[in-house]
Structures are given as C-alpha cells and as structure tokens.
Amino acid sequence: MSFLNSSHVHATASPDPAKPAQVITIPSDPELAQPPAKPSVNYLARAQWLRAAVLGANDGLVSVASLMIGVGAVNQSAKAMLVSGLAGLVAGACSMAIGEFVSVYAQYDIEVTQMRRDSCSDDDEEAAAAASTKDKEERLPNPLLAAVASALAFAMGALLPLLAGGFINSWGLRVGAVCAASSLGLAGFGAAGAFLGGANVGRSGIRVLIGGWLAMLVTYGVLRLFGLAFNMQVSSA
C-alpha cells in the first residue's frame with residue numbers, strides 16, 4: 001500500500017447517497033509553503049570599487065568645475081577657463097592614480113605580511129598553509145588596476161564641466177553651462193553611489209549636490225576677493 005502526502009483527507013463514503021462525502025482539510029506546513037528566500041546582496045564587497053569609481057568621478061567633477069569657475073572669477077576669457085580645466089583634469093587624474101596606488105599597495109603589503117606570518121605559525125601544516133596563503137594573495141586588490149581605475153574615473157567626471165563650458169564664448173553662458181552640467185552630474189553620481197551601496201538615493205543625491213555647490217561657491221568667492229584685494233582687472237580677452 002502506498003501513502004500520498006496530501007493536505008486533503010477524504011472520509012469514508014456515507015451510506016446515504018443523498019449526503020455528499022465530507023472532506024477534511026489539514027493545514028499545510030507554513031515552512032513548506034513559503035517561497036525560497038532570495039540571496040542577499042553583499043554591499044560591503046562593493047565598497048572597494050565603489051569608492052574608486054563613483055567617488056573618483058565625483059572628485060573629478062567638483063575639482064575641475066570649481067577650478068574653472070574660480071579662474072573665471074578673475075579671467076573671463078574662454079581660453080583661460082579651458083586651459084585651467086584641462087590642467088586640473090591631468091593633474092587630478094595623476095594625483096588620484098598615485099594616491100590610490102600607494103594606498104592599495106600599503107594595504108596589500110600589510111595583508112600579505114599578516115597572512116604569511118599566520119602560515120608560519122604551525123610547522124605541521126606548512127604546505128597547506130602556503131597554498132592557502134597564495135590563493136588569498138591572488139584575491140587581494142591589484143594596486144596597478146586600482147590606480148588606473150581611479151585615474152579614469154576622475155577624468156570621466158572632470159570631462160563633464162570641461163566639455164560643457166570650455167568652448168562657449170560668452171562668460172555668463174559658460175559659467176551657467178558649467179554649473180548646470182556639474183549639478184546634473186553631482187546628483188547623478190550621488191544617486192548612483194547610494195543605489196549601488198544600498199543607501200537612500202534621494203538623500204545621497206541632495207547631499208552630494210549641496211557639497212559640490214559649496215565647493216564651487218567658495219572657490220569663486222575666494223578668487224574673486226583675491227582679485228579685488230590685489231586690484232586684478234578681470235580680463236575678457
């Protein structure tokens with residue numbers, strides 16, 4: 001005789017054909033009825049490349065936009081703002097690459113040294129520990145790749161204000177284009193970083209946007225006061 005696992009058990013047929021057979025319903029197991037849980041996203045694993053990509057692009061945008069607006073406060077020519085923005089892009093990308101390379105390489109040396117120290121603590125399992133250490137070393141972040149990624153991210157962010165206002169002749173339109181493009185980029189980078197990191201998208205976008213505005217405003221104000229203090233004539237040539 002075979003038994004079937006069912007949630008419905010039929011009672012013995014009633015001798016009275018006028019009465020239908022009764023059906024007894026047994027509630028099913030709630031654990032079996034639940035759908036399989038979806039795998040959770042490990043947002044901490046994204047922190048390394050998220051910082052190098054989104055934050056690097058945000059740094060490039062804010063740095064070059066602030067530099068162009070600051071130079072525009074004392075020199076209204078399109079060439080001056082274009083050259084200053086291009087210089088900021090190259091210098092900033094190189095600085096980001098060197099800083100990221102040194103930082104990641106220092107972290108790499110510390111982790112490798114610690115892993116090798118742990119592998120030498122037990123002589124009986126020296127071979128297995130050495131293989132495990134080599135496998136862990138291969139999973140560590142590459143300092144050269146991190147440096148290249150950081151430089152490219154900075155350059156991509158810096159290109160936005162540079163291309164938006166670097167080739168506009170009118171000073172007012174040029175500054176307005178830089179501010180508008182930078183605002184869109186800041187909000188987009190802030191929202192993207194929050195989405196990839198599992199944070200609040202709106203709050204992060206507003207926070208990054210306000211921070212970028214403050215940086216551009218302070219740079220413009222300081223350069224403008226500097227020009228007035230030293231009687232620098234604003235040139236439009």
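## Basis of the model

Helices are DSSP runs of H or I with at least four residues, and they are numbered from the N terminus. The model is predicted, so local features need pLDDT of at least 70 and side-chain atom pairs count only at pLDDT 80 or more, while totals for chains, interfaces and linings use all residues. Residues are numbered from 1 along each chain as its sequence is written, and side-chain values use heavy atoms, with hydrogens and water left out.

Rings of Phe, Tyr and Trp (its six-membered ring) pair if their centres lie within 6.5 Å; planes under 30 degrees apart count as stacked, over 60 as edge-to-face and the rest as tilted. Across the whole structure, three aromatic pairs are found. One of them joins Tyr105 and Tyr108, edge-to-face, with 6.0 Å centre to centre and 70° between the planes. Both residues belong to helix H3 (residues 78-119), where they are three residues apart, about one turn of the helix. Ring pairs also bring in Phe101, giving a cluster of Phe101, Tyr105 and Tyr108.

Relative accessible area (1.4 Å probe, protein chains only) sorts residues into buried, under 20%, exposed, over 50%, and partly exposed in between. Tyr105 is partly exposed at 35%, and Tyr108 is partly exposed at 25%.

## Helix H6

Helix H6 (residues 171-197) has 27 residues and reaches 38 Å from its first C-alpha to its last. That is close to the 39 Å expected at 1.5 Å a residue, the expected span being 1.5 Å times one less than the number of residues. Its buried residues include Arg174, Ser182, Leu186 and Gly190. Just after H6, Gly198 has a positive phi of about 75°.

## Where H6 meets H7

The axes of H6 and helix H7 (residues 201-229) come within 7 Å and cross at roughly 145°. Axes are lines fitted to C-alpha atoms, for helices over the stretch in contact, with angles from 0 to 180 degrees between N-to-C directions. Contact means heavy atoms within 4.5 Å. Among the residues making the contact are Trp171, Leu186 and Phe195 of H6 and Val208, Trp213 and Tyr220 of H7. The contact residues divide into 12 nonpolar, six polar and no charged; Ala, Val, Leu, Ile, Met, Phe, Trp, Tyr, Cys and Pro count as nonpolar, Asp, Glu, Lys and Arg as charged, and the others, Gly among them, as polar.

## Asn58 in H2

Asn58 lies in helix H2 (residues 47-72) and is buried, at 15% relative accessibility. Apart from its neighbours within four places in sequence, Asn58 is in contact with Leu186, Phe189 and Val208.

Methods
Helices (H or I, at least four residues) and strands (E, at least two) are DSSP runs, numbered from the N terminus.
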